[in-house]
Amino acid sequence: FAEEPLAARLARLDAPQIRRLDTELDDLQLPRGLDAVLLIRFYHDLYWMPGPDGEIGTTDRAAVNRQVFEALAPGGIYGVVDHHAETGTRDRDAVDPRGGLHRIDREMLVDEVLATGFVLDAESDVLANPDDSRDWNIFVNDGTRRDRTDRFVLRFRKPVGAAGD
């Protein structure tokens, strides 16, 4: 079936508590008191997307995470789903938009989010794929691998009583 654009599906969605925001990463304009913010297969893109100066790879991930932290209500959820890179590779597989693998090292991502003040509340292997060698670009479309990456699902929580409440 032909996939309908997300904007069209959202326009029909009867869920007034869900809002689409089209903003710049350096100024997300998130409303305060949110229950949850989800980044689905996107965090790795923060390593090569242009920053406010237009230079590739200058997105301030700590600032993005701070904006999410400040927008969440106490106890709010920051959910992150992304493609596993090989363990210990840090940002290697995320930094190059043309030749990179579009993956990210889970441990590095966790370190960055925890540094903001979040706690890692839960994780799931529901999207795990042990057959993924983690050494190929996620956009490979050879009929066997596209959309079959090994992915992690993380739930961070903003502590109740955290600074910025």
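Predicted model: local features only at pLDDT ≥ 70, side-chain atom pairs only at ≥ 80, totals over all residues.
**Entry 1: helix H2**

I began with helix H2, which runs over residues 61–71. Its buried residues are Ala-63, Val-64, Asn-65, Gln-67, Val-68, Phe-69 and Ala-71. I then asked what covers them, and the cover includes strand S1 (34–40), strand S2 (72–83) and H3. At the start of H2 I found a side-chain oxygen of Asp-60 reaching to within 3.2 Å of the backbone nitrogen of Ala-62.

**Entry 2: rings around Phe-69**

Next I went through the aromatic pairs and got a count of four. Phe-69 and Phe-118 make one that is edge-to-face, with 5.0 Å centre to centre and 85 degrees between the planes. I looked up where the two sit: Phe-69 is in helix H2, while Phe-118 is in the loop between helix H3 (106–114) and strand S3 (119–124). They are 49 residues apart, and the pair links distant parts of the chain. Both Phe-69 and Phe-118 are buried.

Elsewhere I noted Arg-103 over the face of Trp-136, at 4.8 Å from the ring centre.

**Entry 3: salt bridges**

My count of salt bridges came to 13. Glu-70 counts as partly exposed at 35% relative accessibility, and Arg-32 is exposed at 57%.

I also checked two bridges between sequence neighbours. Arg-106 and Glu-107 have their closest N and O atoms 3.5 Å apart; Arg-106 is buried, with a relative accessible area of 15%, whereas Glu-107 is partly exposed at 32%. Salt bridges that share partners join Glu-86, Arg-92 and Asp-93 into one network. Within that network, the side chains of Arg-92 and Asp-93 meet at 2.7 Å, N to O. Asp-93 is buried, with a relative accessible area of 5%, and Arg-92 is partly exposed at 46%.

**Entry 4: Arg-151**

Which side chain of opposite charge is nearest to the buried Arg-151? I found Asp-147, 4.3 Å away. Arg-151 has no salt bridge, because the cut-off for one is 4 Å. The side chain of Arg-151 does reach the backbone oxygen of Asp-147, at 3.0 Å. Arg-151 belongs to strand S4 (residues 151–157). Leaving aside residues up to four places away in sequence, I listed what Arg-151 touches: Arg-41, Asp-82, His-83, His-84, Leu-127 and Ala-128.

**Entry 5: positive phi**

Gln-29 has a phi of about 55 degrees, and its place is in the loop between helix H1 (6–12) and S1. Arg-134 has a phi near 65 degrees and lies in the loop between S3 and S4. Are they buried or exposed? Gln-29 is exposed, with a relative accessible area of 52%, whereas Arg-134 is buried at 18%.

How values were computed. Residues numbered from 1 in each chain as written. Heavy atoms only, no water. Helix = DSSP H or I, 4+ residues; strand = E, 2+ residues; numbered from the N terminus. Buried < 20%, exposed > 50% of the residue type's maximum accessible area, 1.4 Å probe, protein only. Lys, Arg positive; Asp, Glu negative; His and termini not counted. Polar contact = N/O pair within 3.5 Å; in protein donor to acceptor, adjacent residues only side chain to side chain. Contact = heavy atoms within 4.5 Å. Phe/Tyr/Trp six-rings, centres within 6.5 Å; stacked < 30°, edge-to-face > 60°. Lys NZ or Arg CZ within 6 Å of the ring centre and 35° of its normal.
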